[in-house]
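The sequence and the coordinates come first.

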Amino acid sequence: MERWERVQFIMDKEGLNKNSFSKAIRLSNNVTITRIINEKRNPSRSTCEKIIEYFPKYNFEWLFNGVGEPENKPRNYPHPLEALRASISSSGTKLSRKVRKRLLEFLALKYVTLDEFLNHIGEDPQSWEEELDEDGENSRFIRKVRKHVSELNIDWLLKGEGTMFESSNIVAERAITYHTSDVVSAAGQNNYRLIPLYSLDVVGGINNQEMDVMGYVTGYMPFVNALPEDIAVVVTGNSMYPTFPAGCYVQIRKIEMWRHYIEFGQVHIIDLLDGRRLIKEIRKGRDDQHFKLISHNKDFDDTEVPIDFINAVWLVLAKYVKAVM
């Protein structure tokens, strides 16, 4: 099997076409993947590294060199953040890889994706790493970071020296725990954990044990007292406004035994058989075969749903409200 065929293998396994696969690995367009597949071109090392960055369950040595098994063994599969760090640090010693690793840690605390950050500072997502490797501290990328992100310690970003922030005056995101409504600063806590942010469109697939959605991780963000199995998703729609406005991010945890016990009056994400994923407060329905789904926005009607029409249920534990950089 040629290298380009191994890329096709991953695409087929994940059920993605050239366009959706390009978006999944954060390419600006589908030209690169189209050429690889249509023209049977072997992808470069950097393209393979990007694929593994967003699909860390696959074995880099298998993808690039054809050595070993396609997927990493489950017992060696770490938390997504560690997998991301390992795929970056093991792929080489270039400055850009080390900077990318530290930058992702910083952006997780700022609650910003890499794409959003590069757009914010006006940097080309396709060339900043190459320029950084060539020009180092004098690169255009570093000059833009100095200009736009004054609180980030450049010595830490480039060399790992000192602390992440230039001063103790840190502007941090606020995590709001839903059960207590206490507002805490995740960056100022020792007990926060970076958890993966997934597209809401794939939440329904997470309950399928045969489907691994690590390839749909779009970033990482800190939540206090989070567990390794927790994930974050973005809320779309306004049915839960003002409690969970559109655009906010929530920490969720899968409830394995929800058919046997569920805490009424709490907000959950409900994955339905028709593919919809709803964020609603769950209350007791008209009988034991139904749940009543409550919207917090008075402009939206409450509804009932048969329990047998539900695939999976996730408890909403906390939310982030995005700050402006």
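This is a predicted model: local features need pLDDT of at least 70, side-chain atom pairs count only at pLDDT 80 or more; totals for chains, interfaces and linings use all residues.

How many salt bridges does a search of the whole structure find? The search finds 16.

The protein chain contains 11 helices and 11 strands. Of its 325 residues, 48% are buried. Among contacts with a separation of 6 or more, 59% are between residues 24 or more positions apart. The chain exposes about 16,400 Å², and 46% of that area is supplied by carbon and sulfur atoms.

Consider now the individual pairs. Glu71 and Lys13 form a salt bridge in which the closest N and O atoms are 2.6 Å apart. Lys13 belongs to helix H1 (residues 3-14), while Glu71 sits in the loop between helix H5 (60-65) and helix H6 (80-89), so this pair ties together parts that are 58 residues apart in sequence.

Another pair joins Arg100 to Glu129, with 3.2 Å between the closest N and O atoms. Here distant parts of the chain are linked: Arg100 is in helix H7 (residues 95-110) and Glu129 is in helix H9 (residues 128-135), 29 residues apart. Is Arg100 buried or exposed? Its relative accessibility is 6%, so Arg100 counts as buried, because the cut-off for buried is under 20% relative accessible area. Glu129, at 22% relative accessibility, counts as partly exposed.

The next pair is Arg283 and Glu281, whose closest N and O atoms lie 2.8 Å apart in a salt bridge. Arg283 is partly exposed, with a relative accessible area of 41%, whereas Glu281 counts as buried at 9% relative accessibility.

Salt bridges can also share partners, and in this model Arg45, Glu49 and Arg97 are joined in that way into one network.

In the bridge between Arg283 and Glu281, the glutamate is buried and the arginine is partly exposed.

Key: Residues are numbered from 1 along each chain as its sequence is written. Side-chain values use heavy atoms; hydrogens and water are left out. Helices (H or I, at least four residues) and strands (E, at least two) are DSSP runs, numbered from the N terminus. Buried means under 20% relative accessible area, exposed over 50%, partly exposed in between (1.4 Å probe, protein chains only). Contact means heavy atoms within 4.5 Å. Accessible areas come from the Shrake-Rupley method with a 1.4 Å probe; for residues, only the protein chains shown count as cover. A salt bridge is a side-chain nitrogen of Lys or Arg within 4 Å of a carboxyl oxygen of Asp or Glu.
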